Amino acid sequence: MIVIGYDGSSDAKAAIEQAGDLLGSQPATVLTVWQPFAEVLARTPLGFGFAPGVLNIEEADNASQSAAERLAADGAELARQSGFNAQWRVSTELTTTANAILDEAEALDASAIVVGSRGLTGLRSVLLGSVSHAVLQHADRTVIVVPSPAVADARRRPHSPPGNQR
Amino acid sequence: MFKKIVWATDGSDSADKALDVAKALAEHTGGELVAVHCEELTLPGKGGGTYPVAANEQELKAKIRRQVSELSGNGITATMETTRARVGGAAPAIAGAASAHESDAIVVGTRGHTPIGGLLVGSVTQRLLHISPCPVIAVPTREHDGEA
């Protein structure tokens, strides 16, 4: 079983396609991680400063969950087109996206984890590939990091020696 | 489509773990395997001389050559490529070789020769993620018992 972290970004789509190209026909689980609203609030400068009644947290979470499920289902469809025998799952992010991916990989006893080298976290990630970095650091199984097509192209260009790319 | 898999090896046990995955991938895709080894050289001293950083560089190379001929014996198209770089320059050298070969993936161990604790990922592997033109498949030394 291969676990593929998927956030619906074009980089994540490219990661599925490239992974399918290499590993196709294997069973795969496309995983979308979503963030419960209380977690978002706890990490924003606003804190819990919203007036009661303005936001219905349960409603927001239901919307987030169904959005994540749609994303994951789309990702699984793309994975099937890319050759995988794919299913999908969603998971809530209680600590970090990377931890949620690692937990699922553990639960599914996955042989490998696929992540794009850049995606989006709940609040757009500032760090390039913070999720892939964290997954790699903490995984006790094979991790496949797929660079986004734009990044890969730039790195192939002969005029920019790879040593100068970060 | 025909695949080219780069197996980045420094001759360590960690690289050997990665070889299992590289081999499985080459078999799965019916592709070709290129063993890329970077010989790191010390900075030149006063006399201008420079030496391999690994004192057993010749042994490491011989080991990799043996592994490559074993692969060929198992019906996998495999070649060996040795590059040279100044100390610390292994990752760009490997990425450069992957670019030149238009490889579809680089398979690498997460540790290398310097096992500093079980949690840290080796600097060459870490750096490869930032500069690789193709997917990097990082294989841990203590592989989880799962199906490949």
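Tutor: From the N terminus on, the elements of chain A follow the order β-α-β-α-α-β-α-β-α-β-α, where helices (H or I, at least four residues) and strands (E, at least two) are DSSP runs, numbered from the N terminus. That gives chain A 6 helices and 5 strands. This is a predicted model, in which local features need pLDDT of at least 70 and side-chain atom pairs count only at pLDDT 80 or more, while totals for chains, interfaces and linings use all residues. Residues are numbered from 1 along each chain as its sequence is written, and chains are lettered from A and ligands numbered from 1 in the order in which they are written.

Student: What share of the residues of chain A count as buried?

Tutor: A residue is buried if 20 or more other C-beta atoms lie within 10 Å of its own, exposed if 12 or fewer, and partly exposed in between, with C-beta atoms placed from the backbone. By that criterion, 41% of the 166 residues of chain A count as buried. Contacts are a separate matter: two residues are in contact if their C-beta atoms, placed from the backbone, lie within 7 Å. Of the contacts in chain A with a separation of 6 or more, 77% come from residues 24 or more positions apart.

Student: What handedness does the unit of β1(A), α1(A) and β2(A) have?

Tutor: A crossover is right-handed if, with the strands pointing away from the viewer, the path from the first strand over the helix to the second runs clockwise. β1(A), α1(A) and β2(A) form a right-handed β-α-β unit.

Student: In what order do the strands of the open sheet run?

Tutor: The open sheet is formed by 10 strands in the order β3(A)-β2(A)-β1(A)-β4(A)-β5(A)-β5(B)-β4(B)-β1(B)-β2(B)-β3(B), with mixed pairing. β3 (85-92) of chain A and β3 of chain B stand at the edges, each with a single partner strand, so one side of each is left without a neighbour in the sheet. From one strand to the next, the twist averages 25 degrees, where axes are lines fitted to C-alpha atoms, for helices over the stretch in contact, and angles run from 0 to 180 degrees between N-to-C directions.

Student: How do the chains meet, and which element of chain A gives the most to the side that touches chain B?

Tutor: The contact takes 25 residues from chain A and 28 residues from chain B. On the side of chain A that touches chain B, β5(A) gives the most, with 5 residues. β5(A) is joined by 3 bridges to strand β5 (residues 136-139) of chain B, and these strands run antiparallel. A:Val143 stands opposite B:Ala138, and the bridge partner of A:Val145 is B:Val136.

Student: How should I read a helix, and which residues of α3(A) are buried?

Tutor: An α-helix has 3.6 residues a turn, so residues three or four places apart point the same way. In helix α3 (residues 57-81) of chain A, the buried residues are A:Ala68, A:Leu71, A:Ala72, A:Gly75, A:Ala76 and A:Ala79, and they pack against β1, α1, β2 and β3 of chain A. After α3(A) comes A:Gly83, whose phi is positive, near 110 degrees.

Student: How many residues of α3(B) are buried?

Tutor: Helix α3 (residues 90-100) of chain B is mostly covered, with 10 of its 11 residues buried. Those buried residues pack against α6 of chain A together with β1 (4-8), β2 (32-41), β3 (78-86), β4 (105-109) and α4 (123-131) of chain B.

Note on methods:
Two strands pair if DSSP finds at least two bridges between them.
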